[in-house]
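Some questions and answers about the terms applied to a structure follow. The structure is shown first.

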Amino acid sequence: MAKDVAVMTHTPAQRIRAGLVIGALGVVFGDIGTSPLYTLQTLFNPGDPHPVPITRANVYGVVSLVFWSVMTIVTLTYVTLVMRADNDGEGGVMALITLVRRIGGRSNPRVVAVLSTLGILGAALFFGDSMITPAISVLSAVEGLKVVDPGLAELVVPITAVIISGLFLVQKRGTASIGRFFGPVMVIWFLVIAACGLGGIAGHPEILWALSPTYALEFMGGHFHIAFFALAAVVLAVTGAEALYADMGHFGRAAITWGWLGLVLPALVLNYFGQGALLLVDQSVVEAPFFLLVPDWAQIPMVVLSTAATVIASQSVITGAYSVASQAAQIGYLPRMRVSHTSESSFGQIYVPWINGMLWVAVLVLVFAFRSSSALGYAYGMAVTGTITITTLLFLYIARTRWRAPLWLVIIGGGALLTVDLMFLAANLTKLLHGAWLPLLIGLTAFTVLITWQRGRDVVTQARDEVEGPLLPFVRDIITRTPPLPRIPGTAVYLNRGGATTPLSLRTNVDHTPVLHQHVVIVSIDTPPVPRVPDDERITIDHLGSPSDGIFFVSARYGYMERPDVPAALRLVDPAETEGRIDIDNASYFLSKVEVVAGPKPTMALWRKRLFIATTHMAGDSPGYFGLPLERTVIVGARIEV
């Protein structure tokens, strides 16, 4: 009876927490939760350039190393430490960059510049992760068919390609309708792999001795020539750690911590130890220890379940790529791309067509080029270790400057964490010729695009400043002209880059059609280094003279996790501020569209100028980005050299 009473007295907060935990299980843990499919298989794969011989000591050492790597990188670094460094509740490498800029922008500009550049490299490497994760995850699940019937081996790649294509095709519809099933499916997944792991441990319970770190240390110390190269595959066990931090804004630190410690970590540990126990009993299972841990009667259901789990894992990194691209555009490292919001109730569910198409093509190329999860395993760790190392560096800077952590603690504790990260990074560098070059190439390419866009954007901004001229003198001139400019009825809204210069569209309109609307609103969209801005802080108004002149400047602030909506922002303007002069429902909107061409000035190398110009084609239509009504929007063009 007492137990029943306890069940009936859950508070609403506890029920909400349970819902958030289940939601996090379906979104946050998909990538790391499917790692048992390929980690030990890759470690002991005879085809590996540096295979680990299957001996009792090596199996104990590898399983112990996997366990303590997960505990150090995921549990300690991310769950315990890094997730405390949030930017108004948001996580991820972009959040760290904005925190670093906010904390040390003025006092340590050079350090901040270097760390920001490293952070952008980390974001670029995430794009490589977003391409490899769907390929390796779905391949590893479908490869279970070879265990069911070796004759089905030729169907693995085509089936994988069909599943991946279907996944990318449904992205534009959003995941709201099927997302509610992700959590329960992953709960079943973790319970099943935990049960399978227990079955394997029952056959050789001595494997539990590998929980002791002495086995990992002995393996590293006594067999360093083997163990060092093995680290490149051990890191597969921590892939997806960045997702825990990146998705913190959607679920909160508490829900992710409860999900990790309460279900995910125990299930992963049991499964890894179960696979290790099976390898000690029968070395022939090395080709597929995960699926051979499953009873014969359950292998087909396990293939189906693992395929569902890997699709969910792929979904999480695809969505993550959309978010990173959107945030990068907000803070000036990518052009504004067309972004569709696929859920009315969840702002975080977005779809970026350009990114979706790029990832789709890239993932299919990886599937047909590598054709097996083992081959992709050699490439996978490079992007992961790079991102983890950069995240640790940024966190240590924040811990020292924001929280005033003692210098000795940062040096000793941070040095220990960085040593682990750098060991993994160095081990993956040894796989460069065997596939690790691929995520590095993807990351460096994305990094080059990001910093080139930032540099080109600065050049264009400087050139536009010269063409546009200062705003206030221009407004004074058109107000005091003799004879005065004719004023036509209605409201005109001119979008501008800030409050210092004149909108090109306004200057062109006045110069070529010397008339002015009765009411003129100049709108600037500002993106402060915060995820979201409350409505009561969104709008700032400057009359640019007397209210009777009918010319107003409105600054609308949107966080980097928000999508600007100019009409909605203008509806927040207090009519008393403008004497009721703004008619939003019938306003005309004017945009300046700049055509960029390569010029003779040595602003950038010629190849970077061409790359910048090519990147401009990624930009979505500005009216759609700003939420403007197409039927009342006028676009005025201009040409600028870089």
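The model is predicted, so local features need pLDDT of at least 70, side-chain atom pairs count only at pLDDT 80 or more, and totals for chains, interfaces and linings use all residues. Residues are numbered from 1 along each chain as its sequence is written, and side-chain values use heavy atoms, with hydrogens and water left out.

Q: Why does Gly 262 count as exposed?
A: Its relative accessibility is 55%. Exposed means over 50% relative accessible area (1.4 Å probe, protein chains only), so Gly 262 counts as exposed.

Q: What places Gly 262 in a helix?
A: Gly 262 lies in α15, residues 253–281. A helix is a DSSP run of H or I with at least four residues, numbered from the N terminus.

Q: How does the span of α15 compare with the expected one?
A: From first C-alpha to last, the 29 residues of α15 reach 40 Å, close to the expected 42 Å. The expected span is 1.5 Å times one less than the number of residues.

Q: Where does α15 bend?
A: α15 bends by about 45 degrees at Trp 260, the angle being taken between axes fitted to the seven residues ending there and the seven starting there.

Q: Which element supplies the largest share of the lining of the largest pocket?
A: β7 does, with 6 residues. A strand is a DSSP run of E with at least two residues.

Terms used. Buried means under 20% relative accessible area, exposed over 50%, partly exposed in between (1.4 Å probe, protein chains only).
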